[in-house]
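Hi,

Here is the structure I said I would pass on.

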2 protein chains.
Amino acid sequence: MSREQVFWGWGEPGAGPRLPEHAAPFLRDALGVDGDVVTRPVALADVRLRESTLDPGVRRRLEAIVGAVHVRDDREARVLRCRGKSYLDLLAQRAGDCESAPDAVVAPRGHDEVRAVLQLCSDAGVAVVPFGGGTSVVGGLEVAARPHVSLDLGRMDALLEVDERSLTAVLEPGLRLPEADRALAAHGLALGHVPQSYEWATVGGCVATRSAGQISTGHGRIEDQVVALRCATPLGDLATLGAPASAAGPSLRELVVGSEGALGVITRVALRVRPLPAARRHEGFLLRDFATGCDALRRLEQAGLAPDVARLSDELETRLSLDLAGAGPAARAVLRARRCLLVVGWEGSAEAIARRRRPAVSLLRRAGALPAGRRPGRAWLAARFAAPHLRDDLLDRGVLAETLETATSWSDLERVHDAVRRALPGTLCGCHVSHLYPTGASLYFTVLARRDDADPAGQWRALKAAASDAIAAAGATITHHHAVGRDHAPWLGRETGPLGLELLRAVKERCDPAGVMNPGVLGLG
Amino acid sequence: MSREQVFWGWGEPGAGPRLPEHAAPFLRDALGVDGDVVTRPVALADVRLRESTLDPGVRRRLEAIVGAVHVRDDREARVLRCRGKSYLDLLAQRAGDCESAPDAVVAPRGHDEVRAVLQLCSDAGVAVVPFGGGTSVVGGLEVAARPHVSLDLGRMDALLEVDERSLTAVLEPGLRLPEADRALAAHGLALGHVPQSYEWATVGGCVATRSAGQISTGHGRIEDQVVALRCATPLGDLATLGAPASAAGPSLRELVVGSEGALGVITRVALRVRPLPAARRHEGFLLRDFATGCDALRRLEQAGLAPDVARLSDELETRLSLDLAGAGPAARAVLRARRCLLVVGWEGSAEAIARRRRPAVSLLRRAGALPAGRRPGRAWLAARFAAPHLRDDLLDRGVLAETLETATSWSDLERVHDAVRRALPGTLCGCHVSHLYPTGASLYFTVLARRDDADPAGQWRALKAAASDAIAAAGATITHHHAVGRDHAPWLGRETGPLGLELLRAVKERCDPAGVMNPGVLGLG
């Protein structure tokens, strides 16, 4: 429990980038928000918190398992683990509404302590919410059940094994991604998994939420990286084999990946890792419009020429990012003929980058892409973790700021893009294609609006429900990489059908008969 | 039910390649088998078969669902669907032991008929064995339960939809792979999935058994190709979404892939397909020894330079294939310095092949590989489906001939190779690496021995158990692409652990409470 974020926003106090000066006029012009009026979150002392309802006997037994100092119920520990980092979470946290905070924070060390805690909580009827980086944006952490404990995995943060020949590493779940990369770098290796939450996300959290990162187009999603895992459940351990591939029945590994703590707690993961890239090259291209850009990306991917990073902004997102960057008239003039910015990136040896880049650039140019040089690539790299930091400033200034995402086939991509944007009237809704697959791609939407301070949560809930309905109606997935949590649970059944949900429930009931594991995520009550 | 195989071996009567003339001296020298003594399978009329025990009322209801002509209980239909094509299966079939044959063969057309048949059989307590190509080599088809019906999917053989932009196709399960490729070729597309059983295997069978094919190193295993599927179970339908990727909870698709008919019947599959390759190039290289070759393949794969096909034979398999091909002294002389044959292949546009091949060949040469030209590539292509045909001739001649396979990490590859071969004393056991992955590879063993005619089944069962124990003890998977069936079921628990098996059982019980779906596969009774 060393590094900790502020309870009301992103990152450590005062750390990270801030909104630039010229954002204020933009907010005024685009959203009608008076950028000079600033409302700050309540102080920790003013947060509303209930007394812990944890039974003293249970508490003593938890202390016996993990050590007294690792069972905390102080205000700071509980408030920080009350919620994740969605817009709705931050609205509530900023307002000091933490009545749903956990009754205690329990920090086990090692698989056996996790197992013992889960058995105890199952016997005692205490709900358990596994806590890694605390970066959920889908309501993965807030439980209505009482009593409940937050199971902080921060002490399980070791790199346990490295196989440099097979390019695999065994890691504990609480290891944060930057620390994992630091430990691997000593072996000349890297995770190659970089979600926007990279600074805080943990290995276990990525696996439990079926995460994808900014270089997943090239390096694969987390489920492509998971070789094996061990999961402690209230009723026993689930450990999968580390074979590179197998035909030994249904994939149990794929049952634990994305299980969001509803079955148990992932206590170790074997991941595929990569050699530390010797070089990186990120650069920009300008495409005539979003449709042309999507088609160029489809051709790249289907020809086996996809870069490791590929992000195509639609017309609005391209314009907004120039506005927020304070771009001059020259940059704006270019945008008249080429309205969409594409950032592409390669990692690896200089030779491999050159070999892969040449035919890809040639294909892009045939699709009418105008090279915009390395500057947009460098700008993207520099700002790739900035958004959640900037959002705190936007919330201070009365802005509704949230993201949502989906994935669909290449044939349906533009239809889904249009349908989601139509479902969000009265907002500024920019979008980019963020991950490419042979059969389709993801769409990542950023929504900005003037906050309705009469009912800010209701304002977003209505917009989010409309966007989610549009996504489901179009046959796209309710989430490409944010996971389900509680926020997406009402739409999960549209993807799985009733029998699909029944099967998830059957699995949960077998691992967790008392129903204590993160109740509510995936719609499993 | 148009094309049908012989009941005692591979393929249509008289079709396919035969053992060459010079095989007889090889069999005599290497195995001590008198190649001139030929024992043929019994005639169909002499096969031992029990009367059908299907209740006449149930039969009438089945006929009402699928049509009277599609419920068969004639000798030929039942005998052909009694077993798959493993060595043990063929021993029993050749001897005319078909007491375990299904009581009837039911051929539904379309999802709704399948659903109705499953509901009826579940109500009536009649076991159901889905039958696609009938090519199981792991005991996927033979059920002890009585009564039981074979659910022949041969009438569900349509290519339903093609999305040329997203490169996906929706296919019915009973479509055989060559027919699927023919239908796709009209759209300029191909499946890109070529197991050795290609001539007979069906789309649904590949998905249900988590298949891999000869070009899966480049094109991915069947689970990488499955975009979505629909599965009829006795208790309802399971249909997964066709998004290219999703973070919406555990993967239900991965629960059906590899389920081997234990949950229900896959009634349609959306697969990723590929443009018909404009060119192919297959060629040979000679490597100093197996360890050097494995290391070269590891470097190729980990550098992102793997060909679409990569098959490295160990020293014995290389020598055996030369012997069986009747190679001359010149070819043998080369083998003194370079003892292992590697066949590699690329598919795609001529430009893409050239672009990918150049750095791969350069890496191979740096690893000491000696180019052996295109002839070994052509020979491999020509013979890629020959083995199961030749096996019938070998069985005629008193040879034990079977294959087994596994996959493990690069670090453990040689250890597993040695352990399996040590577990099979008194046999000729050659091996090749057949599929490459970033973290490891598969090993495919071919076992030849003089058959012990006192107890031929017992002879193989003992060898197979020893090899399986060695695989499990080494932490490798019991099957890389042959599936589990009944033959591998005793070893499945070593991979999944007790809770893993419990979860599979929980899922089965929810879909199939009467336990009628292919009872026994995956150890689910």
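Below is what turned up, starting with how to read the numbering.

This is a predicted model, in which local features need pLDDT of at least 70 and side-chain atom pairs count only at pLDDT 80 or more, while totals for chains, interfaces and linings use all residues. Residues are numbered from 1 along each chain as its sequence is written, and chains are lettered from A and ligands numbered from 1 in the order in which they are written.

Domains first. Chain A splits into domain 1 (44-155), domain 2 (159-275) and domain 3 (279-383), with bounds from an automatic or database domain assignment. In chain A, the C-alpha centres of domains 2 and 3 are 30 Å apart. Five residues of domain 2 of chain A are in contact with six of domain 3 of chain A (contact: C-beta atoms, placed from the backbone, within 7 Å).

Now a helix pair (helices are DSSP runs of H or I, at least four residues, numbered from the N terminus). In chain A, α4 (residues 87-94) packs against α18 (residues 456-473) at about 175 degrees, axes 10 Å apart. Axes are lines fitted to C-alpha atoms over the stretch in contact, and angles run from 0 to 180 degrees between N-to-C directions. The two, α4(A) and α18(A), are therefore roughly antiparallel (over 145 degrees). A:Tyr87, A:Leu88 and A:Leu91 of α4(A) meet A:Pro456, A:Ala457 and A:Trp460 of α18(A).

Finally, B:Val106 touches several residues, not counting those up to four places away in sequence, among them B:Leu62, B:His70 and B:Asp152.

Cheers

Note on methods: Contact = placed C-beta atoms within 7 Å. Parallel < 35°, antiparallel > 145°, perpendicular 65-115°, else oblique.
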